[in-house]
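Work through these exercises with the sequence and the model side by side. Try each task before reading its solution.

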Amino acid sequence: MHAIKAGAACDLFDTKQTRAIEHTLSQQLPAHTLMQRAGSAVARLALALAPNARSIWLACGPGNNGGDGLQAAAYLQAMGKRCHVSWAGAEHSMSADTAQALAQARQAGVNWCDSLDEVAASVDLCVDAMLGLGSHGRPIEGRLAQWIAQMAQHGAPVLAVDLPSGLEPDTGEPNTLAVRASHTISLLTLKPGLFTGHGRDLCGQVWLESLQMPEDAPLTLPRPAARLLDAPTPRTRLHASHKGSYGDVAVLGGGAGMAGAAVLAGSAALHGGAGRVYVSLQDPSAPSYDPCQSELMFRPAQALDLSSMAVVCGCGAGEHASALLGLALPASGPLVLDADALNALAAESQLAEALRARSRRGLATVITPHPLEAARLLACGSADVQRDRLGAAQRLVQSLHCCVVLKGSGTVIAMAGQVAQICPTGNAKLATAGTGDVLAGLIGARLAQGHSAWEAACSAVYQHGALADQWPANEALTAGRLARALIP
């Protein structure tokens, strides 16, 4: 068992894949082995998290997730803890594994109760073993709904078994009710929903217990549904290099009143290691010189050889977005499209076709929509995007033939021929104006330095989030400061 930390690559498997893996492993092992291992793992983690807990309440659902909780209760009671168990199952319909776990819990002498309210005064830790993978598409009502509400009100730490009840394992979308856990022990596999959408808020610290022992026959695992993005390998900048070695970036945007967005993207490209950065502002009243960043060069877009540069288009472009896209799509080298450029793509089919044509010509393009921009591109609602972020990113790839960075909690990176990545870095400090422009500029810098679209997107997204995670707790994160903190 180990905690899942940012920086480690991990495969993520959806519900169907996890159930298939579980079936294969259970066929190789003696009866009841998997549930016994699961219950033991839950008990060991509970002891590690709350070694001084006097008593523990375990809310156990009617399925095998509840069986895992019953098995954990038996182990914890045998270890000297006072376990209070609420079970929503029925003996006539439970599995053989759950029947054995129930018998062991009874034999161990656990205290049976109808709800947390009966024992709340003495409980130091709550264990959510209500639904697990059974949360998938299942309404929560009755006793389970009551127990979730009681957990939230009680205030004790919560350990969720497999995933918080009410959280969709494949998407990170919560049910109308969902457990907010302080720790989650994911059994057998890691699920995508633990790390995107609302998953990061509801799961707390995630732990993985594979339930496999060295003596078990090795499993042949399927291609994962996604992967947890790992930390990029730093690239060494050689002594015998010059500004031309690190490429040029052109930022096209900055319409009336929005010059700051383009300057932020340019600043990010500059601090992200590009050799030279040009900024083309569309607001004629905007200044043509930044006294705080004199390295930025301001030029009209028409004066730049876009074919020899990485281009970032759309940041603050406003009404000029369509014209800038008309210039950039056919002519530029590697291209990043953000903000108003994405809205123009959604509104004008000929621009979307020009984007697809870039793929046929072998030109790299990265788009960086937030959920509302993604919804416009997919002609749906932002809630539809958030209900299935992985699926939405893949649909954008299929539609626009480019690398997609779907921003948000657990940013998703998708591209044809690649396993989608979910970024484990970043936090709510990034929920402030301009941080998306910084990300676009950083991706542009990576493209200018010779990274592929996939490499540029993955490394930039990871670093962008990691900086927010390292940000001093008592200091506000602003986009300008974030750009200046970037590392080439």
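**Exercise 1: a strand residue**

T184 has its place in strand β8 (residues 183–187); strands here are DSSP E runs of at least two residues, helices are H or I runs of at least four, and both are numbered from the N terminus. This is a predicted model, in which local features need pLDDT of at least 70 and side-chain atom pairs count only at pLDDT 80 or more, while totals for chains, interfaces and linings use all residues. Residues are numbered from 1 along each chain as its sequence is written, and side-chain values use heavy atoms, with hydrogens and water left out.

Task: decide whether T184 is buried or exposed, and list what T184 touches.

Solution. 
- Step 1. The relative accessible area of T184 is 0%, so T184 is buried. Buried means under 20% relative accessible area, exposed over 50%, and partly exposed in between (1.4 Å probe, protein chains only).
- Step 2. Leave out residues up to four places away in sequence. T184 then touches L159, A160, D162, L163, P164, L194, C203, Q205, V206 and W207. Contact means heavy atoms within 4.5 Å.
- Step 3. Take L163 from that list.

**Exercise 2: an aromatic pair**

Task: find the aromatic pair in the whole structure and classify its geometry.

Solution. 
- Step 1. The search of the whole structure gives 1 aromatic pair. Rings of Phe, Tyr and Trp (its six-membered ring) pair if their centres lie within 6.5 Å; planes under 30 degrees apart are stacked, over 60 edge-to-face, and the rest tilted.
- Step 2. The ring centres of W57 and W147 are 6.2 Å apart and the planes stand at 90 degrees, so this pair is edge-to-face.
- Step 3. W57 belongs to strand β3 (residues 55–60) and W147 to helix α5 (residues 142–154), so the pair ties together parts 90 residues apart in sequence.
- Step 4. Both W57 and W147 are buried.

**Exercise 3: the helix behind the pair**

Task: check the length of α5, then find what its buried residues pack against.

Solution. 
- Step 1. The expected span is 1.5 Å times one less than the number of residues.
- Step 2. The buried residues of α5 are L144, A145, W147, I148, Q150 and M151.
- Step 3. These buried residues pack against β3, β4 (82–87), β6 (125–129) and β7 (158–161).
- Step 4. After α5 comes G155, with a positive phi near 95 degrees.

**Exercise 4: cysteines**

Task: how many disulfides does the structure hold?

Solution. 
- Step 1. The count is 0. A disulfide is a pair of cysteine sulfur atoms within 2.5 Å.
- Step 2. For C313, the nearest cysteine sulfur is that of C315, 8.3 Å away. C313 has 0% relative accessibility, so C313 counts as buried.
- Step 3. The sulfur of C402 has its closest cysteine sulfur in C403, at 7.3 Å, too far for a bond. C402 is buried at 5% relative accessible area.
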